[in-house]
Each structure stands twice: as C-alpha cells, then as structure tokens.
Amino acid sequence: MAENTTPVIHVDNLIAGYLPGVNILNGCSIEARQGELIGIIGPNGAGKSTLLKAIFGQVNIRGGHISLNGDDITGLKANKLVERGVGMVPQNNNVFPSLTIEENLQMGIFQEPQHYNERLEFVMSLFDELKKRLKQRAGSLSGGERQMVAMGRALMMNPKVLLLDEPSAGLSPVRQDEAFIRVSEINKAGVTTIMVEQNARRCLQICDRAYVLDQGTDAYTGTGRELLNDPKVISLYLGTLGT
C-alpha cells in the first residue's frame, strides 16, 4: 500500500438525504488513500449505501465536502464523476440484461472507446471466466456472474477509486467467498476500493481499514484487524452483522 499525503477520496462532515428535511448522513467523514481497500460496515439503516450514493452524485448533499485527489467533487453528477475516475457498482440492477457481456463492457467505456481493447484485456485478466462467454446475454447469468460483469464494466474506465455496494448480497456462501476474492484481486491490481458490506466479519478480514457507520456518522474506525478484535465493535455490531 503506497503512502500518499493526499487521500484519493476524502469525505468531510457529510450531511445528506433523499427527502427534504430528512438527513440519512449526519456529519459522516471517511477517507481512502492510494491503494487502500476500505470497508464500510454498520447496522441496517446506518447510511452505508447512502454514503456511496452521495459520493457518486446520487443523493442531495446539504453539508460537508467530498474531494478526489484534493479536487472538490461535491455534488457532481455521475457521468462527470466517471470521467474523473470514480466507478460504482450498485447492489441491484447492475447489468443491462438484454445486452451481451461484451456490450455491457462496451457501455462501461463509451466515453473513451479508443481504449476498449486495452481495458478489455485488463478486465479479462481479472474475470477469466467471462472471456469465452462475451456473446452471452447478461440476463442469462447467475447472480455471481452478473456481479463480475458489473465490476468489469466499472473497471473499463480505469477508475482511480471503485465504490462497491454490498458485493456479496444475495449470493450463496461459495459465491460470496468468490466475490470477496475478486474484490481483493481488483484492489491488488492497484484500484483504490471502498466497499459497503453487510457481511461485517468477512469484510474486516480483507480490508486495510474500515469505518463503522451508525445513525449516519462514523462511530468507529481502525484497521480491519483492530475492529475485528475491538470489544465494543464485537458487542455492538459483530454479534448481529454477518456471520
């Protein structure tokens, strides 16, 4: 993990929500440095997915700031964020089911089609199972396979940071393990990664650092190992989160 004084992503005292007068995030602050894998855990309704959507320009931000490599990106729309190097894989509806795997990947790089072959080679190096199935429609894939296509599409634009919302959700235990391995491989390939995950224990086992969100703010932070062994985190969160 490289040392860098400027975080790739810095979220400072973020206040945000969907409905007027109702805030889901209440002063949330996190950061991810170059090459880190950051985990975001917490109880249901804590604001985990809302945090990712706020970073990705999909939630009304009412206070605080978000920066990418020191540049203010607060409130930018998703297409502008993709251009600047922010990729996101949502939990649901994350592929175009009527399109083939190849067409899904092409959609991921429509802003820079000249780099398609180069990026396809990189993505196929991570998701070798997809290489011989590029002409298959995404709608015929299993949940785990769709997750691979969605991650691959987000990686086609060579993002500086990848936001993952519940990559193991809805998968069988075996497929969950595969999803976490994929996330680790993507991160080891040099992509700074922020992952929201309900399976808290597994998340903490693979991440460099993590934040525990509760009631829209960052209640605890530390390395994955520190949080796994923190008595307060264990009693308050790990007993009811994940397995």
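Is Glu 185 buried, partly exposed or exposed? At 34% relative accessibility, Glu 185 comes out as partly exposed (buried is under 20% relative accessible area, exposed over 50%, partly exposed in between, with a 1.4 Å probe and protein chains only). The model here is a predicted one, in which local features need pLDDT of at least 70 and side-chain atom pairs count only at pLDDT 80 or more, while totals for chains, interfaces and linings use all residues. Residues are numbered from 1 along each chain as its sequence is written, and side-chain values use heavy atoms, with hydrogens and water left out.

Glu 185 has a partner, Arg 182, and their side chains meet in a salt bridge at 3.7 Å, N to O (a side-chain nitrogen of Lys or Arg within 4 Å of a carboxyl oxygen of Asp or Glu). The two sit three residues apart in helix α6 (residues 173-188), so about one helical turn separates them (helices are DSSP runs of H or I with at least four residues, strands are runs of E with at least two, both numbered from the N terminus). Arg 182 is buried, at 15% relative accessible area.

The salt bridge count comes to 10. One of them pairs Glu 102 with Lys 135, with the closest N and O atoms 2.5 Å apart. Glu 102 belongs to helix α3 and Lys 135 to the loop between α4 (116-126) and α5, so this contact ties together parts 33 residues apart in sequence. Glu 102 is buried at 17%, whereas Lys 135 is exposed at 65%. That loop between α4 and α5 also holds Arg 133, which pairs with Glu 145 of helix α5, so parts 12 residues apart in sequence are tied together. The N to O distance for Arg 133 and Glu 145 is 2.9 Å. Arg 133 is partly exposed at 24% and Glu 145 is buried at 12%.

Turning to aromatics, there is one pair (ring centres of Phe, Tyr or Trp, the last by its six-membered ring, within 6.5 Å; planes under 30 degrees apart are stacked, over 60 edge-to-face, the rest tilted). Tyr 220 and Tyr 237 have ring centres 6.0 Å apart and planes at 75 degrees, so they meet edge-to-face. Tyr 220 is in strand β10 (residues 217-223) and Tyr 237 in helix α9 (residues 231-238), so the pair links parts 17 residues apart in sequence. Tyr 220 is partly exposed at 22%, while Tyr 237 is buried at 4%.

As for disulfides, the structure has zero (a disulfide needs two cysteine sulfur atoms within 2.5 Å). The sulfur of Cys 207 is 4.8 Å from that of Cys 203, its closest cysteine sulfur, which is too far for a bond. Cys 203 is buried at 0%, and Cys 207 is buried at 8%.

Finally, the pockets (on a 1 Å grid over the protein atoms alone, open sets of points where a 1.4 Å probe fits, with protein on both sides within 12 Å along at least five of seven lines; lining residues have an atom within 4 Å of a point). Of its 22 lining residues, Phe 56, Val 82, Met 88, Pro 90 and Arg 153 are the closest to the centre. The second largest pocket has a volume of about 220 Å³.

Key
Points joined across faces, edges and corners; volume = space filled by probe spheres on them.
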